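Let's take a quick tour of this protein, one topic at a time. Keep the 3D view open and click along as you read.

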Amino acid sequence: MRLLSLLLTVSLTLALAYYIYIPLPDAIQQPWKLMMLNAYLRTAFHVASLKQWLGYDHHTRSLLQFTFGFEGILKEFLSSESSAGAVPGVKVSDITFAGIPVRVYEPPAGGEGHLRRGLMYFHGGGWAFGTTKKGSYDITNRMVSDELNTVVVSVEYRLYPDAHFPVPYLDCLAAAKHFLSPEVLAKYSIDPDRVAVAGDSAGGNLAAAVAQEISVDDSMSVKFSVQALIYPVLQALDFNTPSYLQNQYIPLLYRTNMIQFWLQYLNIDLSLMPEFFVNNHSALQHSSLTPELRSRLDWNVLLTQKYKKNYNPVIVEKGSEGFLKKVPSLLDVRAVPLLAGPEVLAKCPRAYILTCEHDVLRDDGLMYARRLQDAGVAVTSDHYEDGFHGCFSLTSWPLEFDVGKRALRSYLNWLQNNL
Ligand SMILES: *[C@@H]1O[C@H](CO)[C@@H](O)[C@H](O)[C@H]1NC(C)=O
């Protein structure tokens, strides 16, 4: 009997370890914490899929409840450290800008005629998850507001499955235009020469796209003066960049997940996913993808040898017919900011671009940094050799990572010195 329970315990332990363990690069610190977090997210994902299969709710919606439920429990633990108590001086209001829900963070007012900085933030989450109101985004934006004496506006743009491109982009653009209007800046005592746009991951995609649009819009008298892009998503035409291949199984963003987020955002049938894995969607036979456009995301030219390593470009001759005609958004710069021409990039604001070595999106960010620089824009490229996707949001106990804290500190320092 005792032997049986011993055997049972050992095999359950082994099964659990097998479920949690994933091989990680040596550079990643606190690997077990990352594995546990990854196992938790995978479980949430399975539970959500099961609920959808049983007919309860849309998968993405129940995943949202599950992850935030967990976060809520953590916050109970942390009540003294919870976001609400963290920065008492900052005034928080949930209002709308041009009809779009936003959360505004105002630092304590300065003296008469004292102008402050402004920053608009778009959160990440694959255009499907995340909110301004909870977790790390709320904490980080309060911090920026308090430490940098900045009025921060965090935008609650609509998400999948309720919205697809271009809705999230248009929500963000409308909120940005409202924010940059002289009346609103005056109302919040913001210096029109010191307004930033920032975002991480899918939010970095929205920030880059909105910054481009505002930069070339002659009707806008005030424009963003700087942009901060944290591991941004910038292109959907090549899912075989060195970083997509090198990091395809590295948490917290597997290659499959990122491709799925793209298809959901662009409202493409998920059954076409296998085509995207092999770059069939950007095959040479698609004449709308001209050599000029291709050169704008040609990592063989845009990346240095350090990042190219021994990877070879995956360029398909034929692929599937009529793809880009059926899905024109794949070539739309509002969805794919890396495709913008040099004349647009030249007008874009100074940039801070954060990239992580162990992230499928590393090369999206590196290529954009290089192209902005080539267009004459000043770029601070901040690369983390021990970084992984999501680390910027993992800065408070018990989910804090050293690399995340360094990344957040560096973002704050850059804004302090450049905004
Ligand atoms: C990619 O396109 C080719 C046609 O050029 C086709 O034979 C192949 O099955 C496609 N691959 C996938 C995974 O759909």
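Start with helix α10 (residues 255-265), where Trp262 and Tyr265 both sit, three residues apart, or about one turn of the helix. Keep in mind that this is a predicted model. Here's what to look for, grouped by topic.

**Aromatic pairs**
- How many aromatic pairs does the count come to? The count comes to 17.
- One of them joins Tyr249 and Tyr254: the ring centres are 6.5 Å apart and the planes make an angle of 85°, an edge-to-face pair.
- Are Tyr249 and Tyr254 buried or exposed? Tyr249 has 59% relative accessibility, so it counts as exposed, because the cut-off for that is over 50%.
- Tyr254 has 18% relative accessibility, so it counts as buried, the cut-off there being under 20%.
- Back to Trp262 and Tyr265: their ring centres lie 6.3 Å apart with the planes at 50°, so this pair is tilted.

**Charges over rings**
- Which ring does Lys33 lie over? Lys33 lies over the face of Phe401, at 5.4 Å from the ring centre.
- Likewise, Lys326 lies over the face of Phe323, and here the distance to the ring centre is 5.8 Å.

**Strand β5 and its neighbours**
- Strand β5 covers residues 190-200 and is mostly covered, with eight of its eleven residues buried.
- On one pairing, β5 meets strand β3 (residues 116-122) in the parallel sense, over six bridges.
- How does the chain get from β5 to β6? The chain crosses through helix α8 (residues 202-216), and this β-α-β crossover is right-handed.

**Helix α1**
- Helix α1 (residues 2-20) has 19 residues and reaches 27 Å from its first C-alpha to its last, close to the 27 Å expected at 1.5 Å a residue.
- Of those 19 residues, the number buried is one, so α1 lies largely in the open.

Terms used: Residues numbered from 1 in each chain as written. Predicted model: local features only at pLDDT ≥ 70, side-chain atom pairs only at ≥ 80, totals over all residues. Heavy atoms only, no water. Buried < 20%, exposed > 50% of the residue type's maximum accessible area, 1.4 Å probe, protein only. Helix = DSSP H or I, 4+ residues; strand = E, 2+ residues; numbered from the N terminus. Pairing = 2+ DSSP bridges. Right-handed = clockwise from strand over helix to strand, strands pointing away. Expected span 1.5 Å × (residues − 1). Phe/Tyr/Trp six-rings, centres within 6.5 Å; stacked < 30°, edge-to-face > 60°. Lys NZ or Arg CZ within 6 Å of the ring centre and 35° of its normal.
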